[in-house]
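Subject: A structure for you to look at

Hi there,

Here is the structure I promised to pass on to you. Please open it in your viewer and keep it beside this message while you read.

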Amino acid sequence: MVGGGGRRNAQVAALLAGMLAMFVHSEFALGDTYVVGSGRGLEGTWTDNVERWTEGIHFKAGDLLVFKYDPAQQNVVLVDKQGYYSCRVSPPDAQLYNSGNDTIKVLGGMNYFMSSIQNHCYLGTKIAVRGYDS
């Protein structure tokens, strides 16, 4: 088959270029990683009084939040606005994290996180993060 090798090489080159583009795009899409509470006198832990930690930080959709805590004392729940302000898990099927070392991707728009253990949310173990497009 004369000429078939050129088309095959072009297809392989196009496939490799596409894979490279996906790899490069995914590297940039991950964004920055933030350990919740770090750099604010909280020793990088998900704890009471952490809710002001987000002040002055420009989060982007795709950034990663790392929550470090003692799972016997805390958890992290991804809640809606109502749940955040009332310190009640809302919606009822809200995502619960309880490993003690959770990494959660910031979505575009508002992201609300709280602890549902005892009264920790009322003591400030909650954060609201706006994920900007860029």
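This is a predicted model: local features need pLDDT of at least 70, side-chain atom pairs count only at pLDDT 80 or more; totals for chains, interfaces and linings use all residues.

Residues are numbered from 1 along each chain as its sequence is written, and side-chain values use heavy atoms, with hydrogens and water left out.

**The sheets**

Strands of a sheet pair through backbone hydrogen bonds, either parallel or antiparallel. Here, strands (E, at least two residues) and helices (H or I, at least four residues) are DSSP runs, numbered from the N terminus. Two strands count as paired if DSSP finds at least two bridges between them.

Look for strand 6 (residues 109-114), which is joined to strand 7 by six bridges. There, F113 has I127 of strand 7 as its bridge partner.

The other open sheet to look at has three strands in the order 1-2-5, and its pairing is mixed. Strand 1 (33-35) and strand 5 (101-105) are the edges, each pairing on one side only. From one strand to the next, the twist averages 20°. Strand 1 and strand 2 (residues 64-68) run parallel and are joined by three bridges. If you find V35, its bridge partner in strand 2 is V66.

**The disulfide**

A disulfide is a covalent bond between the sulfur atoms of two cysteines. Counting pairs of cysteine sulfur atoms within 2.5 Å, there is one disulfide. Which residues does the disulfide join? The partners are C87 and C121, at 2.1 Å from S to S. The link is left-handed, with -70° about the S-S bond. C87 sits in the loop between helix 2 (81-86) and strand 4, and C121 in the loop between strand 6 and strand 7, so the pair ties together parts that are 34 residues apart in sequence.

Are these cysteines buried or exposed? Buried means under 20% relative accessible area, exposed over 50%, and partly exposed in between (1.4 Å probe, protein chains only). C87 is buried at 11%, and C121 is also buried, at 3%.

Happy exploring!

Note on methods. Axes are lines fitted to C-alpha atoms, for helices over the stretch in contact, and angles run from 0 to 180 degrees between N-to-C directions.
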